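Here is a short report on packing, pairing and surface in one protein chain. The structure comes first, then the details.

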Amino acid sequence: MTSASATSTKAPATAPAAHPTAALPAAVTAPQDAGLLLLRLVLGLTVAAHGTQKLFGWFGGGGLSGTGGFFTSVGYPAGDAMAVIAGLTETLGGLGLAAGLLTPLAGAAVTGTMINALAVHGTGSFFAPEGMEYELLLAVAAAALTLTGPGRLAVDRFLPVAALRSHGLKQGALALALGVVLAAVTLLVRN
């Protein structure tokens with residue numbers, strides 16, 4: 001006879017961890033998803049509109065030549081090239097956030113761009129019209145979305161690659177670190 005303590009039992013195989021909100025009823029996550037969607041839409045479309053100001057001169061923007069001249073005046077080399085990079089980053093990053101598409105990368109792109117905007121604008125004052133409150137708010141909101149993910153009402157949920165559909169703190173933190181490092185490198189080339 002074998003005693004219970006002498007037999008070895010195998011633990012049952014466990015399934016991969018699901019998204020933290022997967023086990024919650026839809027009624028619990030619906031308000032969070034709606035709030036994240038609202039934040040993504042307003043933030044993303046606002047930033048994308050700023051990008052189109054730089055690229056095309058829309059909404060009263062300077063276009064590539066005006067934005068390039070500004071970038072040169074504040075110490076960036078190759079102002080026209082920097083205008084293209086900033087315009088594309090804001091437009092594509094903003095649209096990505098609005099749609100919830102590749103959200104960690106889109107949020108990191110917007111965060112990095114706003115870090116540069118904060119550096120150019122300066123920290124002399126917090127409140128408008130000379131302050132940095134607007135750029136800071138955009139940067140922090142983008143960083144928060146990078147870390148939290150887009151919610152369930154996002155294109156990310158329908159991507160064909162499982163690693164791109166799921167979102168976790170680790171992916172968000174890595175993407176955010178990438179955005180901060182690229183922003184720092186960009187600031188280092190500034191005179």
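A search of the whole structure, which is a predicted model, finds one salt bridge. The partners are Glu 90 and Lys 54, with their closest N and O atoms 3.0 Å apart. The pair links distant parts of the chain. Glu 90 sits in helix α3, residues 79-99, and Lys 54 in helix α1, residues 26-56. They are 36 residues apart. Side chains of opposite charge can pair when their charged atoms come close.

Are these two partners buried or exposed? Both Glu 90 and Lys 54 are buried. Glu 90 has a relative accessible area of 5%, so it falls under the 20% cut-off for buried residues. Beyond its neighbours up to four places away in sequence, Glu 90 touches Val 47, Ala 48, His 50, Gly 51, Lys 54, Thr 113 and Met 114.

Thr 67 counts as buried because its relative accessibility is 8%.

**Nonpolar cores**

The largest nonpolar core has 14 residues. Leu 43, Leu 97 and Val 110 have the most contacts inside it. Elements giving two or more residues to this core are α1, α4 (103-121) and α5. Helix α5 gives the most, with five residues. Val 110 touches Val 47, Gly 93, Gly 94, Leu 97 and Ala 142, not counting residues up to four places away in sequence. Apart from this core lies another, of six residues, among them Val 74, Tyr 76, Ala 83 and Ala 86. In soluble globular proteins, nonpolar side chains tend to be buried together.

**Helix α5**

How does the span of α5 compare with what its 16 residues should give? At 1.5 Å a residue, α5 should span 22 Å, and its end C-alpha atoms are 22 Å apart, which agrees. Buried residues in α5 are Glu 135, Leu 138, Ala 139, Ala 141, Ala 142, Ala 143, Leu 145 and Thr 146. An α-helix has 3.6 residues a turn, so residues three or four places apart point the same way. Just after α5, Gly 149 takes a positive phi of about 95 degrees.

**Surface**

Leu 101, Leu 102, Leu 105, Val 155, Val 161, Leu 164, Leu 178 and Leu 182 make a nonpolar surface patch of about 640 Å². One of them, Val 155, lies in the loop between α5 (133-148) and α6 (162-165). Val 155 counts as partly exposed because its relative accessibility is 36%. Ala 184, in helix α7 (residues 169-188), is also partly exposed, at 38% relative accessibility.

**Pairs across the chain**

Two C-alpha pairs are set out below.

| Pair | Separation in sequence | C-alpha distance |
|---|---|---|
| Ala 184 and Asn 116 | 68 residues | 8.1 Å |
| Thr 67 and Met 82 | 15 residues | 8.6 Å |

Note on methods: Residues numbered from 1 in each chain as written. Predicted model: local features only at pLDDT ≥ 70, side-chain atom pairs only at ≥ 80, totals over all residues. Heavy atoms only, no water. Patch = residues over 30% accessible without salt bridge, like charges linked within 9 Å, V, L, I, M, F, W, Y side chains within 5 Å. Areas by Shrake-Rupley, 256 points an atom, 1.4 Å probe, with all protein chains shown as cover. Salt bridge = Lys/Arg side-chain N within 4 Å of Asp/Glu carboxyl O. Helix = DSSP H or I, 4+ residues; strand = E, 2+ residues; numbered from the N terminus. Buried < 20%, exposed > 50% of the residue type's maximum accessible area, 1.4 Å probe, protein only. Expected span 1.5 Å × (residues − 1). Contact = heavy atoms within 4.5 Å. Core = buried A, V, L, I, M, F, W, Y, C linked by side-chain atoms within 4.5 Å.
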